Amino acid sequence: MDFAFTPDELALRDHVIAFCRKHLRREEVERRDAAGEFGAEAWRLLAGQGVLGANIDEAFGGAGLGVRAGVLVMEALGYACEDLGLAFSIAAHVYACALAIQKFGSAEQKQAYLPRLASGEWIAAHSITEPEAGSDVFAQKTRAVLRGDDYVLDGGKCFTTNAPVAGLFLVQAVTAPGRGFFGLSAFLVEAGTKGLRVGRPHEKIGLRTSPTADIYFDECVVPASARLGPESAGAPIFTYSMAWERTCLFAIYVGAMARQVEDTIAFAKQRRQFGQPIGKFQAVSHRIVDMKVRLEAARLLLHRAAWKLSNGIEDPLDAAMAKLFVSEAAVQTGLDAIQLRGGMGVVTGPAERFLRDAIPSRVFSGTSEIQKNNIARALGL
């Protein structure tokens with residue numbers, strides 16, 4: 001495995017970091033986080049820098065970069081952009097939706113949607129979770145019934161990232177009840193389609209700037225041409241998206257952990273108690289060492305998963321291990337950062353905001369418990 005990056009890839013990483021530091025101000029992030037407000041202007045700015053189109057083919061307005069470059073871009077975004085909710089929305093838009101269209105879409109679907117998604121003109125939302133079908137994705141109740149040349153969708157989805165601001169929904173629905181893995185199909189439903197309704201945005205503990213809502217389908221009619229891929233291909237499409245998402249999306253948390261480690265080291269050198277910097281105390285320095293080792297282990301696991309994905313090696317074990325370790329490491333790093341700051345960590349600020357943003361990482365894209373199930377299954381247990 002060669003984790004070395006090309007000069008162009010490293011230059012792209014450095015460009016994203018420099019741009020975020022210049023244009024995405026901490027004060028504005030804090031305001032949006034308090035209000036639970038989506039950063040529409042920041043989205044537009046990052047789209048203009050090619051962040052949304054990094055992994056989309058050049059023919060559709062993207063840069064056509066591979067998975068490892070995608071990891072670098074997302075890691076840079078997590079490192080330099082303190083708005084992890086915005087970064088999460090970008091990753092959901094790209095890896096759960098745009099790349100699925102690029103892989104499975106018809107020529108007409110690609111031409112209709114990918115340029116708009118790469119430019120940021122439209123925001124995409126992936127809709128699969130339901131109240132009774134979270135980890136158990138095959139327990140979905142949303143149905144799509146073929147009537148003539150159209151499909152009619154009925155049901156509802158919950159916790160759909162980007163739903164309140166989305167122009168396009170990638171929806172999973174049951175077309176063959178009782179067939180489990182082979183019973184799902186995917187559909188591209190444009191916002192404003194009759195019979196599609198978006199509920200009120202949810203208030204969340206973290207990732208507050210990433211808008212989330214439930215969506216409802218009531219006799220929602222879409223043409224058969226809106227189906228993504230063949231009928232009953234919903235599960236493979238979802239599996240493909242998750243392989244990218246569990247790799248590239250979680251690079252955001254690796255970057256954010258790197259920032260937390262750097263900020264905590266600086267704090268430990270500056271904060272003085274009992275006549276010396278607190279970093280001189282072994283209890284403090286050892287906790288920071290644990291943070292650093294945890295960061296580097298998380299980065300290596302993620303880059304190994306990215307290397308395999310970029311080389312066409314289908315290994316769900318690596319993606320599951322990387323997702324599990326990165327999410328658990330992010331939460332523990334957030335706890336350590338607050339503990340070392342004492343009272344200053346508890347009050348509103350970057351450390352407590354990072355912890356709040358890290359907590360959901362143990363739940364979305366498959367809970368930590370589901371990842372352990374996946375790993376155990378891969379081990380033959």
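This is a predicted model: local features need pLDDT of at least 70, side-chain atom pairs count only at pLDDT 80 or more; totals for chains, interfaces and linings use all residues.
1. As general background, nonpolar side chains in soluble globular proteins tend to be buried together.

2. Residues up to four places away in sequence being left out, M257 touches L295, A298, V326, A329, A330, T333 and F354.

3. **Strand pairing around β7.** Strand β7 spans residues 212-223 and runs antiparallel to β3, to which nine bridges join it. Within this pairing, T161 has T212 of β7 as its bridge partner. Strand β6, residues 196-198, also runs antiparallel to β7 and is joined to it by three bridges. There, R197 is partnered with Y216 of β7.

4. **The setting of T160.** T160 belongs to strand β3, which covers residues 150-161. Its relative accessibility is 1%, so T160 counts as buried. Beyond its neighbours within four places in sequence, T160 is in contact with A125, H126, S127, P211, T212, A213 and I215. T129 stands 31 residues from T160 in sequence, with a C-alpha to C-alpha distance of 7.4 Å.

5. **Cysteines.** A search of the whole structure returns zero disulfides. For C81, the closest cysteine sulfur is that of C20 at 5.2 Å, which is too far for a bond, given a cut-off of 2.5 Å. For C248, the closest cysteine sulfur is in C97, at 14 Å, and this too is too far for a bond. C81 is buried at a relative accessible area of 1%, and C248 is buried at 0%.

6. The whole structure contains 23 salt bridges. One of them pairs E30 with R353, with 4.0 Å between the closest N and O atoms. Because E30 lies in helix α2 (residues 26-35) and R353 in helix α12 (residues 350-358), the pair ties together parts that are 323 residues apart in sequence. E30 is partly exposed at 32% relative accessibility, whereas R353 is buried at 4%. A salt bridge also forms between D33 and R356, where the closest N and O atoms are 2.7 Å apart. With D33 in helix α2 and R356 in helix α12, this pair likewise ties together parts 323 residues apart in sequence. Both partners count as buried, D33 at 9% relative accessibility and R356 at 18%.

7. E219 and R147 meet through their side chains in a salt bridge, at 3.4 Å from N to O. This pair links distant parts of the chain, since E219 is in strand β7 and R147 in strand β2 (residues 143-147), 72 residues apart. Both residues are partly exposed: E219 has a relative accessible area of 41%, and R147 one of 48%.

Note on methods:
Residues are numbered from 1 along each chain as its sequence is written. Side-chain values use heavy atoms; hydrogens and water are left out. Helices (H or I, at least four residues) and strands (E, at least two) are DSSP runs, numbered from the N terminus. Buried means under 20% relative accessible area, exposed over 50%, partly exposed in between (1.4 Å probe, protein chains only). Contact means heavy atoms within 4.5 Å. Two strands pair if DSSP finds at least two bridges between them.
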